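Please keep the sequence and the coordinates at hand while reading.

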Amino acid sequence: MSIENLSCNKSFDGWNKQYSHYSETLNCTMRFAIYLPPQVSIGDKVPALYWLSGLTCTDENFMHKAGAQRIAAELGMAIIAPDTSPRGDDVADDDGYDLGKGAGFYVNATEAPWNRHYRMYDYVLNELPSLVESMFPVSEQRSISGHSMGGHGALVLAMQNPERYRSVSAFSPISNPVNCPWGKKAFNAYLGKDTAAWADYDASLLMREARQFVPALVDQGEADDFLTEQLKPEALEAAASHSGYPLELNRREGYDHSYYFIASFIEQHLRFHAEHLTR
């Protein structure tokens, strides 16, 4: 599989790189960013954290704004950040920011015209790790994290595939998308009107019925403008209480939905993942 290097920047003695490649899963050219810590220079394979970004974002937002490279370098952890949706002139789109390009919601779309390209679930679960692990000194020890729409995606992927991930974390995740405006709009378009199919992509519903557990850490800002209508962390807390899921959910007073929030607590998340990745 061929990939093209688009940029390369040294960071904390490691390397922050951006690549493009043709995705067979998404039927378009995709872009991803990767941080390789300094440990790879001595030939070590390193564990990986996959980061899923939120609505309107690309692979660049986290790498530019979160300030994660310093701790990743210390911990010997690669970070891989895919784009949030398929891209290209022939890829279906919508006028709204919360559907279409930049808003893939990490599902496998079943409805036309979205099903031709929008299979971000399979891309993140299978194609991207296979590419990364074949091209870089990155091991099969994986954890996953994300923000907002990406927090939803990270939680869903981890709970649906507990054998694939050592740990999962999220900032301000869309916790109960079947019951919020963002989720209802996206799921109706991508998955159709049969709401039974939506449950496979709802973190709260999955957590409530979970029988296999992936350690989970969630941080939620109490000053988040989307807290009540869109994010609904109380649904996630109730689900964890019902199933006994190992969820730590921290409510952070005064913090909003921005990358200022993420940058404030990303070190705790990386150390949480490192603990599980090195077991």
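How many bridges join β3 to strand β5, and in which sense do the two strands run? Four bridges join β3 to β5 (residues 78-82), and the two strands run antiparallel. The model is a predicted one, in which local features need pLDDT of at least 70 and side-chain atom pairs count only at pLDDT 80 or more, while totals for chains, interfaces and linings use all residues. Residues are numbered from 1 along each chain as its sequence is written, and side-chain values use heavy atoms, with hydrogens and water left out.

Helices (H or I, at least four residues) and strands (E, at least two) are taken as DSSP runs, numbered from the N terminus, and two strands pair if DSSP finds at least two bridges between them. Four residues lie between the strands in the hairpin of β2 and β3, where N27 takes a positive phi near 60°. Strand β3 is mostly covered, since seven of its nine residues are buried (buried means under 20% relative accessible area, exposed over 50% and partly exposed in between, with a 1.4 Å probe and protein chains only).

Grid points are joined across faces, edges and corners, and a volume is the space filled by probe spheres set on the points. For the classes in the table, Ala, Val, Leu, Ile, Met, Phe, Trp, Tyr, Cys and Pro count as nonpolar, Asp, Glu, Lys and Arg as charged, and the others, Gly among them, as polar.

| Pocket | Volume | Lining by class |
|---|---|---|
| Largest pocket | about 220 Å³ | six nonpolar, seven polar, one charged residue |
| Second largest pocket | about 150 Å³ | two nonpolar, seven polar, three charged residues |

The largest pocket is lined by 14 residues, of which L55, T56, C57, H147 and H257 lie nearest its centre. The lining of the second largest pocket includes S7, N16, Q18, A33, D59 and E60, and β1 (3-11), β2 and α1 (60-65) each supply at least two of its residues.

Contact is taken as heavy atoms within 4.5 Å; leaving aside its neighbours within four places in sequence, Q18 is in contact with residues including E4, S7, R31, A33, D59 and E60.

## Cysteines

With a disulfide taken as a pair of cysteine sulfur atoms within 2.5 Å, the structure holds zero disulfides. C28 is in no disulfide, and the nearest cysteine sulfur, that of C57, is 18 Å away. The sulfur of C180 is 17 Å from the closest cysteine sulfur, in C57, which is too far for a bond. C28 counts as buried at 5% relative accessibility, and C180 counts as buried at 1%.

## Backbone geometry and the loops

Most residues other than glycine have a negative phi, and most peptide bonds are trans. Against that background, T56 has a positive phi of about 75° although it is not a glycine; T56 lies in the loop between β4 (46-52) and α1, and counts as exposed at 52% relative accessibility. S172, likewise not a glycine, has a positive phi of about 50° and lies in the loop between β7 (168-171) and α5 (181-191), but S172 is buried, with a relative accessible area of 0%.

A cis peptide bond joins A112 and P113, with omega about -5°, and P113 is found in the loop between β5 and α3 (120-135). Y106 also lies in the loop between β5 and α3, and counts as buried at 1% relative accessibility. Leaving aside its neighbours within four places in sequence, Y106 is in contact with residues including L52, D83, M120, V124, M149 and Y201. Y106 and A170 are 64 residues apart in sequence and 14 Å apart in space, C-alpha to C-alpha.

How values were computed:
1 Å grid on protein atoms, 1.4 Å probe; cavity = no way out; pocket = protein on both sides within 12 Å on 5 of 7 lines; lining within 4 Å.
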